[in-house]
Amino acid sequence: MLPEFSGAVAGMAERNLLTKVPSGVPRRAVLCPRLGKRCRLRFALPMQRILLESETDWQDWRNATRALVLAGVPPEEVQWAVRAHPDERSSQLPEGSAGFNLPRALVAIAALAFQARDPERFALLYRLVWRANAGEKVLEKTSDPDLRRAQSLAYAVRAEAHKMRTNVRFLPVEEDRYLGWYVPAHYVLEANAQLMAQRFPDVTFSILTPDGSAHWQAGTLRFGAGLAHVADDAALEKWWEANRVKLMRETHSGTSIPQAEPLDESPRAPDRPPIGPVVLPQRADAQLLDATHEAADCRRCHLFELATQTVFGEGPADAAAMFIGEQPGDQEDVIGRPFVGPAGQIMDRAMEEAGIDRRTVYITNAVKHFKFTPRGKRRIHQTPESPEIQACRFWLDVERVQLRPSLLVLMGGTAARAVMGRQVTITRERGRPIKMADGQTAFVTVHPSFLLRVPDEDAKAREYRAFVRDLEAVRKLLATL
Ligand code: URA
């Protein structure tokens, strides 16, 4: 029995009532559309409207899910929402005492996907739990749209949790506190705050986000109101000075979100000075956004057929450097963002060591769809070939024209070939500026996933250091361009 889905639902005589309606639940006669006559179809009335206390109210969602599944309330009869006003009424949950088994992996996916910024997630996850409890082997149906959606939300949350932990920057403020401000793409503040408190127990820190804030001090983690917008570091400090007493007075302890899974990474310690500003100015580029939307429907080559989505580049429109990889990998394909999987994590770490702020560079790929061969449940990466690189050159050119970066960092053979238009031997050309005909400068280095594949540990460490050295050269070069 999994603790997540067992517990007291007192008084229920029947369980797993997919077709039966438990006693005490109202029934009615309806017109059967196929039979064209009145028949006694029995189903629960009225529609259950379940209100959660917050976007991250996992505990209440779990309790309600357990009670509703046990009462045989099908997904189409449940509406989920977050309570907007204190006097809004939630449906009375059926009472009973029972539990049911769910595969652990499904609970793990649900706990992550629950933190996604997607209003449909409560219903989606309820549907999956309902189906699993009815005996469907949902986890084995790898092309099932519900499972795929939940998995992609879970991936996205995991990637955002990682991004937040490694990217959030802290300013030292009064009372030896470190203060960070971050805009997470998903509701990952609470899980991340728990992990960071564990990693840095002796450091007092506060993280503000538009959704809420987390505060770690003297062994206690508290949560409170958020800060929607702030212009820069000076404005953040000023706001904190003016509002901290009230903010801290209104915080509460405890969160029902499960802790983020620890990843093999080194999150930025709050008491290390930031290498860039804590608050980055907003620099959206409308034309680049238009291109992102158009590329979403790209049919320039066949790769769109199997891939989940186009993975366009991302980063500030005035970035001086554009980092170009080969193509999205398995995780990037599902999440829809470049370099968020294992290669992205090693790249992040190397950038950090080289003193490059990932938030200030533009990151993209030569090919914008994942090329792979399905093998059972796995998707095996395939190197893109000339026609695919050529077809996707269109989008790379759009990015280059819009951004006009002074430096192109070409990571690996595919990126180098796509930009230079010829075969490039990485070992011969890496590590030095190469002037291009259009005035831009290129810089060739290895692809970060190469570092993951080096079998020998010593050689791997050597190659990693060489990659960091290349990135240090990139940082110095940027200062001269
Ligand atoms: N490898 C790449 O080249 N790009 C990604 O985005 C991820 C892995």
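Below is a working chat about the sheets, helix packing and ligand shell of a predicted model.

Q: Before we start, what kind of model is this, and which pLDDT cut-offs apply?
A: The model is predicted, with local features needing pLDDT of at least 70 and side-chain atom pairs counting only at pLDDT 80 or more, while totals for chains, interfaces and linings use all residues. Residues are numbered from 1 along each chain as its sequence is written.

Q: OK, what is the strand order in the open sheet of 6 strands?
A: The order is S5-S6-S7-S8-S9-S10, with mixed pairing, where strands are DSSP runs of E with at least two residues, helices are runs of H or I with at least four, and both are numbered from the N terminus. Two strands pair if DSSP finds at least two bridges between them. Strand S5 (170-173) and strand S10 (252-253) are the edge strands, each pairing on one side only.

Q: And S6 with S7, parallel or antiparallel?
A: Strand S6 (residues 177-181) and strand S7 (residues 204-208) pair in the parallel sense over 5 bridges, and Trp 181 stands opposite Leu 208 in S7.

Q: How many residues lie between S8 and S9 in their hairpin?
A: There are 2 residues between them, and Ala 218 in the turn has a positive phi of about 45 degrees. S8 and S9 pair in the antiparallel sense over 5 bridges, with His 215 having Arg 222 in S9 as its bridge partner. Arg 222 also has a bridge partner in S10, namely Ser 253, and the S9 and S10 pairing is antiparallel over 2 bridges.

Q: Which strands does H5 lie across?
A: Helix H5 (residues 189-199) lies across S7, strand S8 (213-217) and strand S9 (220-224), running at about 15 degrees to S8. Such angles run from 0 to 180 degrees between N-to-C directions, and the axes are lines fitted to C-alpha atoms, for helices over the stretch in contact. Helix H6 (residues 233-249) lies across S5, S6, S8 and S9, at about 65 degrees to S5.

Q: Switching to helix pairs, how do H9 and H14 cross?
A: The axes of helix H9 (residues 342-354) and helix H14 (residues 457-480) come within 8 Å and cross at roughly 55 degrees. The two helices are therefore oblique to each other, given that angles under 35 degrees count as roughly parallel, over 145 as roughly antiparallel, 65 to 115 as roughly perpendicular and the rest as oblique.

Q: Which residues make that contact?
A: From H9 they are Ala 350, Met 351, Glu 353 and Ala 354, and from H14 they are Tyr 464, Phe 467, Val 468, Leu 471, Glu 472 and Arg 475, with contact taken as C-beta atoms, placed from the backbone, lying within 7 Å. By class, these residues divide into 7 nonpolar, no polar and 3 charged; Ala, Val, Leu, Ile, Met, Phe, Trp, Tyr, Cys and Pro count as nonpolar, Asp, Glu, Lys and Arg as charged, and the others, Gly among them, as polar.

Q: What about the ligand, which residues come nearest?
A: Of the 13 residues around the ligand, Gly 325, Glu 326, Gly 329, Pro 338 and Ala 343 come nearest, where near means a C-beta atom, placed from the backbone, within 6 Å. The shell has 4 nonpolar, 7 polar and 2 charged residues.

Q: Last one, which strands stand at the edges of the sheet of 5 strands?
A: That open sheet has the order S12-S11-S15-S17-S16 with mixed pairing. Strand S12 (362-365) and strand S16 (433-435) stand at the edges with a single partner strand each, so one side of each is left without a neighbour in the sheet.

Key. Contact = placed C-beta atoms within 7 Å.
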